[in-house]
Amino acid sequence: MPLPAMMRGCGPFTSTIAMAFIAALTLWPQSAAFAQPQTAQLAVWNLYRNPAGLRTINRWRRAGTYRFIADDDVSEGLEGWTNEGTAFALARTEVAGTRLVGSYKVGSGTAVNTKSSLHRHYSDANFYSLGFIFDQNMPGLVELHSWIGPNAESFLSIYRNQEGPHIERSGFRYNGVLGYAFASARPIRVGAYYFGMYSPAAWERGRGQVAQRIAEMYGKRRMSEQFWWTGVRDLQEGTAPDNVAASNGGRDWSYLKPAIGWYDQSDRLVIERHVRQAVANGVSFFNFYWYWSTGDQSEGANDGLDSFLSAKNNSLMDFAISVCEHGWHLRMSEADFPLVAQLLIAKYLSRSNYLRTSDGRPIIEICDSSGIVASDFPVKNPDIELLRRFISYLRAAAAKAVPSQKLVILSRFDAPNPGREDRTIFDGATCVAPVLDKANTLANYYASVDWMTSISQVRPFMPCFNLRMDERPRIGIMKSADKAFFFSDDINVDKVKAGLGRVRSFISSNRNHELSRFLNIYAWNEWHEGGILEPNARDGAIILETIPATFGIPYLTGLCAQDDHCGTRVGR
């Protein structure tokens with residue numbers, strides 16, 4: 001069976017970290033719609049996204065003297081020395097705004113400085129290159145402080161207040177800021193689930209059933225307007241029918257509108273604005289829901305994803321795919337497994353900005369397998385072997401594209417997802433909305449971290465953070481007004497900061513696997529379900545702005561126009 005036309009022209013599967021890193025450093029075409037970030041700031045952003053370009057520098061100690069050595073070097077003559085762990089991280093190769101840093105032996109220790117400074121005092125023959133340090137401070141970097149010891153040896157630290165007093169009592173003299181570095185070669189990556197179906201084509205797929213419900217609840221007029229915003233727009237504008245409004249009382253709904261206005265995701269410019277909002281606040285990847293329909297033998301309409309792939313600024317972000325084969329309305333037959341696997345690899349996972357681990361493995365999530373393992377719903381007798389065969393096709397398609405390439409396939413673990421616990425199928429687990437059984441959002445945040453802690457102890461795990469769940473805008477569309485359903489109380493900046501702070505602590509203490517440094521936030525734009533990180537008409541970007549402040553991660557300045565509503569920081 002030939003592949004559909006949508007797959008023609010797809011590039012070859014990216015095979016090396018170097019290729020991905022070089023592609024990330026390539027500037028996108030200039031557009032009149034937005035500015036281009038400074039080259040040095042873009043270099044920091046792309047090192048954050050591609051940490052293979054970073055080099056971990058460890059600090060070794062013996063009897064009051066110190067050496068700084070890259071962890072990928074085979075170091076000789078260190079018997080009796082104690083490795084105190086990661087001191088900081090430097091760029092492996094020269095990028096805009098950097099200088100080479102290295103060391104010379106001084107007695108039993110080393111003198112560390114930029115090469116131009118050290119060259120005046122030592123010969124090049126004994127120079128040991130550590131990496132490249134940035135000249136200017138930028139988001140995501142930290143100050144690297146320098147001290148000089150009694151015998152001209154050096155001590156370096158990113159923690160002046162904590163370590164400075166002790167080292168100075170040992171006879172070292174503070175020598176100022178050497179430059180700006182990364183605190184770690186494994187920075188936390190923050191992304192968000194992205195719903196790509198706010199468009200006519202996407203909702204037309206379910207027009208029959210959905211149209212009837214909308215007409216009954218909201219009137220036929222809604223089907224002649226932007227009907228994909230039904231429920232959300234009606235509550236926000238105070239025009240919801242009485243039976244819907246009565247079920248939704250007691251909340252200020254003025255926030256329930258995108259700051260950039262009601263949009264159609266088939267318009268590429270909408271997604272370009274989302275990209276600017278995201279990268280201006282440290283969100284470095286979107287995780288797109290993806291659907292397959294056996295009846296049409298095609299992927300579900302997903303204008304948000306399609307527009308992202310055509311966006312002129314999409315090289316600023318990575319993206320991932322979450323296969324959501326919801327059994328209540330979708331099916332993926334076994335006969336379609338080869339077609340689906342080839343499509344996913346060729347059209348999406350082959351791209352240079354697809355989300356990967358630091359060693360280049362593409363990450364893909366199975367968020368719902370119910371439409372794969374059974375033909376009935378609710379699923380009574382799931383056939384897990386069907387899921388195993390589908391995953392095998394995925395791995396085989398990736399290996400055929402690049403023989404040495406391996407996928408990282410995750411199961412959503414916070415839902416009754418058939419096959420989720422089978423570790424012979426999945427490489428790890430992730431989540432969307434764990435422990436949503438409390439009406440208090442802060443209690444849910446804390447309970448979610450406890451749940452993730454228990455799961456991560458027994459399997460590789462990618463953490464998540466659920467902003468809120470509130471499905472009341474779906475009344476009359478996907479929810480019946482006469483049925484009870486869950487919703488939590490409103491969120492605010494203080495609650496979100498407290499919740500993200502707990503998640504940050506969880507990540508810091510659970511970096512036992514590559515996946516633990518990625519964070520999936522639910523969600524960028526689940527306007528019908530409550531997970532809304534996207535700036536809104538009432539609050540702007542105040543929730544989104546908590547991310548770089550909480551995690552100390554890079555973000556890009558100078559990209560956004562005022563009507564992009566990227567936030568309040570200078571230069572946004």
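**Close-up 1. The salt bridge between Asp564 and Arg276.** In this predicted model, Asp564 and Arg276 form a salt bridge (a side-chain nitrogen of Lys or Arg within 4 Å of a carboxyl oxygen of Asp or Glu), and their closest N and O atoms are 2.8 Å apart. Because Asp564 lies in the segment after helix H16 (546–551) and Arg276 in helix H9 (residues 268–279), the pair ties together parts that are 288 residues apart in sequence. Helices (H or I, at least four residues) and strands (E, at least two) are DSSP runs, numbered from the N terminus. Both Asp564 and Arg276 are buried, where buried means under 20% relative accessible area, exposed over 50%, and partly exposed in between (1.4 Å probe, protein chains only). Residues are numbered from 1 along each chain as its sequence is written, and side-chain values use heavy atoms, with hydrogens and water left out. Since this is a predicted model, local features need pLDDT of at least 70 and side-chain atom pairs count only at pLDDT 80 or more, whereas totals for chains, interfaces and linings use all residues.

**Close-up 2. The salt bridge between Lys347 and Glu299.** The closest N and O atoms of Lys347 and Glu299 are 2.7 Å apart in this salt bridge. Lys347 belongs to helix H11 and Glu299 to strand S13 (residues 298–299), so the pair ties together parts that are 48 residues apart in sequence. Lys347 is buried, as is Glu299.

**Close-up 3. The salt-bridge network of Arg55, Asp72, Asp73 and Arg92.** Salt bridges link Arg55, Asp72, Asp73 and Arg92 in a network, within a count of 29 salt bridges by this rule. In one of its pairs, the side chains of Asp73 and Arg55 meet at 3.0 Å, N to O. This pair links distant parts of the chain, with Asp73 in the loop between strand S2 (65–70) and strand S3 (82–91) and Arg55 in strand S1 (residues 54–62), 18 residues apart. Asp73 counts as partly exposed at 27% relative accessibility, while Arg55 is buried, with a relative accessible area of 13%.

Close-up 4. Leaving aside neighbours within four places in sequence, Trp290 is in contact (heavy atoms within 4.5 Å) with residues including Glu299, Ile321, Met332, Leu344 and Tyr348.

Close-up 5. Lys105 stands opposite Thr110 in S5. Two residues lie between S4 and S5 in this hairpin, and Gly107 in the turn has a positive phi of about 60 degrees. Six of the six residues of strand S5 (residues 109–114) are buried, so S5 is largely enclosed by the rest of the structure.

How values were computed: Two strands pair if DSSP finds at least two bridges between them.
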